[in-house]
Amino acid sequence: MGAWSESVTGNDTAQDLRSEYTCAFFKYDVDEALKLIDDFVRSEMFDESDEEEWCNYIYSLADYMWKKGILTDEIKAKALDMIDSGFGLELWAESGERVLAKRKKALEDFREKITSPLPAKKKIKPDV
């Protein structure tokens, strides 16, 4: 995985999954799309045992859904639980206190964003 910033979308995994999110939410209702995305990630990519990638997945999914006005309580709760528990921060700590502090700040900003009122639901269409 490559990361170029401490933000929740500043990494290769988040960017790669964005097109998967767009296709799934374009074609299916939210519940079905979430099931298909989760099945895909777990069978083709990784699971919770890879903390860094799992954070990239859940945070980027919550961010995408919030921006589109379709964030569910379940996905928001998963993201908030991960932030609260410090899940995945060990790897950021290896880069030093300064980088860890920036990541924690990015996560607090992200918390504020996803707990704010959802924007209006947006039409989702695939990038062609």
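This is a predicted model: local features need pLDDT of at least 70, side-chain atom pairs count only at pLDDT 80 or more; totals for chains, interfaces and linings use all residues.
Local features need pLDDT of at least 70 and side-chain atom pairs count only at pLDDT 80 or more, while totals for chains, interfaces and linings use all residues. Residues are numbered from 1 along each chain as its sequence is written, and side-chain values use heavy atoms, with hydrogens and water left out.

Helix H3 is a friendly place to start. Helices here are DSSP runs of H or I with at least four residues, numbered from the N terminus. Just after H3, Gly-69 adopts a positive phi of about 75°.

Helix H1 spans residues 12-27 and includes Tyr-21. Tyr-21 counts as buried because its relative accessibility is 1%. Leaving aside residues up to four places away in sequence, Tyr-21 touches Ile-37, Tyr-57, Ser-60, Leu-61 and Tyr-64 (heavy atoms within 4.5 Å). A polar atom of the Tyr-21 side chain lies 3.2 Å from the backbone oxygen of Tyr-57. Along the chain, Pro-126 is 105 residues from Tyr-21, yet their C-alpha atoms are separated by 9.5 Å.

Thr-13 also lies in H1, and with 6% relative accessibility Thr-13 counts as buried. Its side chain makes a polar contact of 2.4 Å with the side chain of Glu-53; such a contact is a pair of N or O atoms within 3.5 Å, where, within protein, one must be able to donate a hydrogen and the other to accept it, and residues adjacent in sequence count only if both atoms are side-chain atoms.

How values were computed:
Helices (H or I, at least four residues) and strands (E, at least two) are DSSP runs, numbered from the N terminus. Buried means under 20% relative accessible area, exposed over 50%, partly exposed in between (1.4 Å probe, protein chains only).
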